[in-house]
Amino acid sequence: MMNIWFDLHNSPHINMFRRLISELQGEHEVIITARALANTVDLLNLHRLNYEVVGKHYGANVGRKLLGYPVRVRDLYRFLKDRSVDLAVSQSSFYSPVVARLLGARSIYLNDNEHALGNVPAFLFADVIMLPEFLDIGKVRWQGARAAKVRHFPGIKEGMYLWYFADQFMSRRTDRTTQDQRRAVYVRPEPWTAQYYKSEVNFLDSLLLGLRDHVALTVLPRGRAQGAHYRAEKFKGIRVIDTALDLADIAPDCDLFIGAGGTMTREMAVLGIPTVSIYRSELLDVDRYLLRTGCMQHRPDLDAETALKILDNAAERGPNLELLHKGKVAYSQLYSLIVELACLIRKRRPRGWRAWCKALIRRRIRL
């Protein structure tokens, strides 16, 4: 029995890891930490996962992010130092590999965002780096993604969990009633506080106001602060949900999904829901793949008239079976890797930051 730590520091990670956590809990002790970012805590509660909130998000300011980074590393170390962690697993948690190294634990780090600067410390300290096959490794090599550490998984990360959700989605979508029901459009705004997002905010206002009287419109803000903007009087008549709403509650009801990038946009595209990305920063390689295969459209200057035309012409495609199959293979790959690393006879690294620094100095001297 091993102690496996997951840092679920953003809301998409709950769906990504919750089945895996459930399977591992039968054989191992699982520790979950989280940040109060977006809908993370709400979704953890919705799925009844036991967790500990450690640290906070430091907003969009780069300076505050840099200052806050070592603070959360310290807080995570203090929380975990007496819990005998053997293995750390995370998606885009820039903290997890660093803390794992301080704890003397192994780490698996997954990432699909080649623009995230936090990859630099994560790639440096991770034991294994897992990247989607569609991500050009040349774009992350400068961040420290050494080929010896990298393992590519098939498809995209969303496939790792959508493969077991797709049947439920299709069943609920078939059963839904359309009598006296307006077409449902869901909108996911831009990531206000993300370091990698370099474009304007609140550019969706005119689009939402133009759609409001023609469809059943729901906005899914990235947290309550963004939700407050869309609860202003001028948006009256638009449903705003900034608390926990599971993917299973969105996908079956959605006729058109409009997303300013991110996991949820890719989820809808993989499930075959008519999807338009309006992301205004540089696209990820995985998004470019979805565009090439026709899974979604990219219209950063989308207006209401065009959105309604897309809705009128939208046809049911069904889930992308190739990506779902690849996702199932990728899930098995990750599970097998976790078991492999967790069951190895551990070569304990020095525990604690002082011992770790001394060991690093000795290593440098030997080199």
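Okay, ground rules. The model is predicted, so local features need pLDDT of at least 70 and side-chain atom pairs pLDDT 80 or more, while totals for chains, interfaces and linings use all residues. Numbering starts from 1 along each chain as its sequence is written, and side-chain values use heavy atoms, with hydrogens and water left out.

On confidence: pLDDT, the predictor's confidence in each residue from 0 to 100, has a mean of 86 over the chain, with 87% of residues at 70 or more. Residues 362–367 stay under 50. Where pLDDT is low, the predicted coordinates should not be read in detail.

Now the sheet. Helices (H or I, at least four residues) and strands (E, at least two) are DSSP runs, numbered from the N terminus. We have an open sheet of 7 strands, ordered β3-β2-β1-β4-β5-β6-β7, with parallel pairing; strands pair if DSSP finds at least two bridges between them. β3 and β7 are the edge strands, each with a single partner, so one side of each has no neighbour in the sheet.

Beyond four places in sequence, Ser92 is in contact (heavy atoms within 4.5 Å) with His9, Tyr109, Leu110 and Asn111. Of those, Tyr109 stands opposite Ile129 in β6.
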